[in-house]
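Here are a few notes to read alongside the model. Have the structure open and follow the points in order.

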Number of protein chains: 2
Amino acid sequence: MTDARRRLLAEFLDAVWSRGEIDRSGEFVAANYAILHDPGDPWEGRTLDLPGFKERVRLSRAPFPDQRFDVQQMFDSEDGVAVTWLWSGTHLGDVPGFPATGRRITMSGATAYRFDDAGRLSGHWQVTDRLGVFRQLQAR
Amino acid sequence: MTDARRRLLAEFLDAVWSRGEIDRSGEFVAANYAILHDPGDPWEGRTLDLPGFKERVRLSRAPFPDQRFDVQQMFDSEDGVAVTWLWSGTHLGDVPGFPATGRRITMSGATAYRFDDAGRLSGHWQVTDRLGVFRQLQAR
């Protein structure tokens with residue numbers, strides 16, 4: 001169970017978030033996906049259906065189309081997997097308040113994913129170092 | 001093993017960080033404690049001995065003496081435990097750039113702790129929502 005969850009999560013992060021294969025989201029994500037905690041995420045507190053989830057990924061990836069998540073470690077619980085990660089991407093599209101700079105931006109974060117009984121991702125609780133990102137975007 | 005680690009970590013967060021029983025640090029922390037990743041932490045990248053660890057806790061707690069960590073979830077790996085948490089504290093002492101405001105400040109974060117073979121904490125990898133804290137301190 002634990003290994004299957006870790007494999008699914010690693011493939012999800014690589015395919016959907018890093019490579020942008022958004023149409024594959026249904027292989028990984030449950031019919032309802034809850035954004036339980038994610039400061040700064042416009043969808044925080046909402047539960048998304050699959051089209052809504054795909055739209056969130058599409059809009060989130062747009063400013064950084066070559067973005068990449070590098071998993072640092074995974075941890076297991078009864079109903080979930082937590083992952084620590086490093087992220088990088090080139091700022092090629094506008095972010096609210098920050099027109100595209102062309103800069104290479106880096107970020108770190110940790111995400112606790114929940115799985116449903118069918119082994120699909122049903123939500124997450126996440127913290128990212130968004131202050132670090134803002135400082136890189138603001139630098140002159 | 002897993003239960004023992006979780007119990008030690010819960011007691012460490014409650015006793016040392018929330019209640020400020022800094023002299024008990026040696027019950028929980030190894031002789032060398034590595035701050036592997038912790039954006040914004042002045043000790044990031046350093047390995048501390050026990051006196052150094054106690055000094056870090058003392059200085060970190062000083063601006064928020066009633067601070068409290070509330071554990072949300074724990075997750076296990078081969079050599080560690082990851083924990084998601086909410087934090088709150090009253091801003092009663094100065095932070096660089098922010099003289100004491102008397103405000104109640106809240107924060108969230110996730111920390112991946114490492115354990116040594118003796119079952120003590122030997123380091124951490126952490127991300128906190130420090131942008132959220134800065135916005136609360138800066139609000140007028």
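1. A quick definition to start: helices are DSSP runs of H or I with at least four residues, and they are numbered from the N terminus. With that in hand, find A:Arg130, which sits in helix H3 of chain A, a helix covering residues 130–138. Keep in mind that this is a predicted model.

2. A:Arg130 has 18 C-beta neighbours inside 10 Å, so it counts as partly exposed.

3. Now see what A:Arg130 touches. Leaving out residues up to four places away in sequence, its contacts are A:Gly40 and B:Leu131. A:Gly40 is 90 residues away along the chain, yet the two C-alpha atoms are separated by 7.8 Å.

4. B:Leu131 takes us over to the other chain. The contact between the chains uses 22 residues from chain A and 23 residues from chain B. On chain B's side, the elements giving two or more residues are strands S3 (68–76), S4 (80–90), S5 (104–115) and S6 (121–128), plus helix H3 (130–138). S3(B) gives the most, with 5 residues. Sorted by class, that side of chain B has 10 nonpolar, 10 polar and 3 charged residues.

5. Last, how are the two chains related?

Notes. Residues numbered from 1 in each chain as written. Chains lettered and ligands numbered in written order. Predicted model: local features only at pLDDT ≥ 70, side-chain atom pairs only at ≥ 80, totals over all residues. Buried ≥ 20, exposed ≤ 12 C-beta atoms within 10 Å, placed from the backbone. Contact = placed C-beta atoms within 7 Å. Nonpolar A, V, L, I, M, F, W, Y, C, P; charged D, E, K, R; others polar.
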